[in-house]
Amino acid sequence: MPWWAVLVLGLVCLVLGAWLLAEPFGSLSVLHWLIVAALIVSGFAELVSAPAAPRPALSRLVGIWWIAVGIVATAWPGITILALATAVGVALVAGGVVEVVATFIGNGGERFIPAVSGLTNVIVGALALTWPAATVLVLAVVFGLRTIIFGVGQFAVAFTMRRVPARDDAVTMPRLRPRWPRWLRLVGSMTALTLALGGVVVSVAIHRAAPREPGPFYSAPTPLPDGLPGTIIRTEIIDGFHKGATTYRVLYKSTGFDGAPTAVSGIIVVPRTPPPSLGRKVIGFAHGTVGVAPNCSPSLQGARASLVYEGLDDFLAAGYVVAATDYQGLGTRGPHPYLVGPSEAMNVLDSVRAAHNLAAANAGTDFAVWGHSQGGHASLFTGQLASSYAPELHLVGVAAGAPPANLVELFEVNVKTTVGKILMAMAMQSWARVYDDASLDQIVTPASRSAIARIADHCLYDPAQILASVPSSLLLGFTFIATPPWQVEPWKTILAKNRPGSTPTRVPMLITQGSIDPIIAPDVTSQFVAQLCANGETVDYRVLPGVAHLDAGHVAAPAVATWITERFAGEPAQNTCVSP
């Protein structure tokens with residue numbers, strides 16, 4: 001090969017490697033083609049350096065294997081980025097095995113460093129098969145660095161070849177293969193192996209943190225038993241959930257998003273203090289976002305989910321029964337209608353009915369509803385539907401923390417943030433399953449569909465579970481939306497139908513909002529409150545200074561409990577809508 005061709009190869013490698021390092025989070029389609037190009041370039045790199053390798057034939061085999069995987073990925077129409085990661089994983093395992101085998105059957109020469117390198121490839125390949133989203137991002141960086149290093153090496157070879165007479169090029173080419181100092185190669189190999197083993201540890205921790213699958217308790221009988229919504233199908237006591245109360249895991253009848261009877265799970269927490277003569281007041285609790293997969297059900301988590309129930313201690317101390325729905329499709333068979341307002345509201349109202357039907361609860365018909373984030377959205381819709389769906393119940397007040405009051409704004413604000421894309425992916429995956437005429441193909445790029453589906457499989461209870469969704473969220477980059485949902489049907493209508501505020505509530509409302517919330521913009525909540533005021537509602541709007549989204553529910557809970565106590569007592573509600 002002439003020196004100028006080696007120089008051009010080095011330049012191509014430098015540009016490709018730099019692009020890979022700069023673009024891993026930018027665009028799925030770009031990342032796809034960059035990884036394909038890196039596969040093919042890596043294959044050619046192996047072929048070029050094969051003459052100087054201890055086992056040239058095996059090195060050529062590895063090079064041909066890389067090129068073959070790149071060609072297959074190129075020719076495979078509609079391949080997803082995660083399928084590409086799987087193909088890369090297979091290639092890494094195969095290449096690593098070949099490298100290890102070559103080390104042990106070779107004669108003389110360095111053995112330890114190539115063996116470590118091969119073992120690292122096998123480990124990273126195995127990770128690619130079990131955690132493909134994270135592996136794609138890691139591979140983008142690894143391939144970028146590897147390609148840049150190879151490019152620099154080719155520059156060195158090219159300039160050395162230029163000083164060698166042309167007739168000797170064929171003889172000296174293998175000898176001109178750049179050789180980094182052994183200590184540097186040893187440090188690099190051990191660092192790569194350590195990082196690979198660290199990836200194994202993280203992967204194991206994430207898989208162990210995943211919630212268990214729902215058991216027989218959550219399987220609804222077929223057909224459902226007779227009875228109205230709120231009829232209890234079965235109960236069991238959750239030991240150790242709260243020291244001052246008895247907690248019942250319940251499966252009860254409700255109305256599904258399609259209007260048909262369905263089974264929904266949840267918990268009913270009953271204080272151990274003696275009940276009043278007219279029965280206990282009830283808190284219809286609506287939880288925030290925990291995921292959209294069936295195993296993300298709060299009632300399934302036991303005591304680990306106690307932080308999900310903001311204000312539980314305050315409510316129990318006041319002597320209230322807390323009825324906390326899981327929502328349809330969490331615990332019970334999916335899909336979960338995430339941020340589908342009417343479905344959330346019916347599940348909440350029927351949980352209050354279930355508490356009334358649980359003899360041990362001694363629950364009356366007076367209730368208030370409270371929830372934060374997704375729960376705030378559910379609370380607002382509960383207020384809108386209460387009088388028509390459950391007229392036998394008496395709603396005294398609606399408390400909603402950081403409610404997603406404008407879903408279009410929610411999408412626009414969060415489309416470029418890691419957490420925001422996790423929430424968007426869950427919503428889009430849910431709606432594509434809930435609404436018959438909605439398809440992800442209408443709004444997202446083909447390469448992003450598998451990443452969205454993988455995010456929807458994870459829950460959000462602890463850092464390890466959230467970390468499991470982060471690589472897929474990063475993979476979505478900034479360009480995974482092909483057409484904004486608010487610009488195309490049926491998504492435009494779905495967003496509009498699930499925007500609260502279109503139906504009068506006519507009971508006092510408390511709206512809380514963190515002032516530095518990056519997910520639910522304070523300005524959007526303020527605009528929603530102004531709309532409620534214009535509609536003649538009674539609203540107490542409280543902004544929590546210096547509080548972000550994840551903390552706002554717990555920070556607001558004591559004030560919420562006090563406000564609800566005042567509603568049960570029949571005291572006049574403060575009204576932000578009326579100037580003092």
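Gly341, Pro342, Glu344, Ala345, Met346, Val348, Leu349, Asp350 and Arg353 of helix 11 touch Gln374, His377, Ala378, Phe381, Thr382, Leu385, Ala386 and Tyr389 of helix 12. Sorted by class, that contact holds 10 nonpolar, four polar and three charged residues. Keep in mind that this is a predicted model.

How do the two helices sit against each other? Helix 11 spans residues 341-357 and helix 12 spans residues 374-389, and they pack at an angle of about 70 degrees with their axes 7 Å apart. Angles from 65 to 115 degrees count as roughly perpendicular, so helix 11 is roughly perpendicular to helix 12.

Now for another pair, helix 13 and helix 14. On the helix 13 side, Leu407, Phe411 and Asn414 make the contact, and they meet Gly420, Lys421, Met424, Ala427, Met428 and Trp431 of helix 14. That contact of helix 13 with helix 14 comes to six nonpolar, two polar and one charged residues. Helix 13 passes helix 14 in a left-handed crossing. Their packing angle is about 135 degrees, and helix 13 and helix 14 are therefore oblique to each other.

Here are the two pairs side by side.

| Helix pair | Angle | Axis distance |
|---|---|---|
| Helix 11 (residues 341-357) and helix 12 (residues 374-389) | about 70 degrees | 7 Å |
| Helix 13 (residues 407-414) and helix 14 (residues 418-434) | about 135 degrees | 8 Å |

The largest cavity holds about 70 Å³ of space. By class, the lining of the largest cavity splits into nine nonpolar, two polar and one charged. Which helix gives the most to that lining? Helix 13 does, with three residues. Helix 18 (522-534) is also on the list of helices that each supply at least two residues to the largest cavity, along with helix 13.

The lining of the second largest pocket divides into 12 nonpolar, six polar and three charged residues.

Finally, a few backbone details to check on screen. The peptide bond from Thr222 to Pro223 is cis, with omega near -5 degrees. Where does Pro223 lie? Look in the loop between helix 8 (182-209) and strand 1 (232-237). Another cis peptide bond joins Gly334 and Pro335, and there omega is about 10 degrees. Pro335 belongs to the loop between strand 5 (321-325) and helix 11. Tyr327 is found in the loop between strand 5 and helix 11 as well. What stands out about Tyr327 is phi, near 80 degrees, a positive value in a residue other than glycine.

How values were computed. Residues are numbered from 1 along each chain as its sequence is written. This is a predicted model: local features need pLDDT of at least 70, side-chain atom pairs count only at pLDDT 80 or more; totals for chains, interfaces and linings use all residues. Side-chain values use heavy atoms; hydrogens and water are left out. Axes are lines fitted to C-alpha atoms, for helices over the stretch in contact, and angles run from 0 to 180 degrees between N-to-C directions. Helices (H or I, at least four residues) and strands (E, at least two) are DSSP runs, numbered from the N terminus. Angles under 35 degrees count as roughly parallel, over 145 as roughly antiparallel, 65 to 115 as roughly perpendicular and the rest as oblique. A crossing is left-handed if the near helix is turned anticlockwise from the far one by less than a right angle, and right-handed if clockwise. Contact means heavy atoms within 4.5 Å. Ala, Val, Leu, Ile, Met, Phe, Trp, Tyr, Cys and Pro count as nonpolar, Asp, Glu, Lys and Arg as charged, and the others, Gly among them, as polar. On a 1 Å grid over the protein atoms alone, a cavity is a set of points where a 1.4 Å probe fits but cannot get out, and a pocket is an open set with protein on both sides within 12 Å along at least five of seven lines; lining residues have an atom within 4 Å of a point. Grid points are joined across faces, edges and corners, and a volume is the space filled by probe spheres set on the points.
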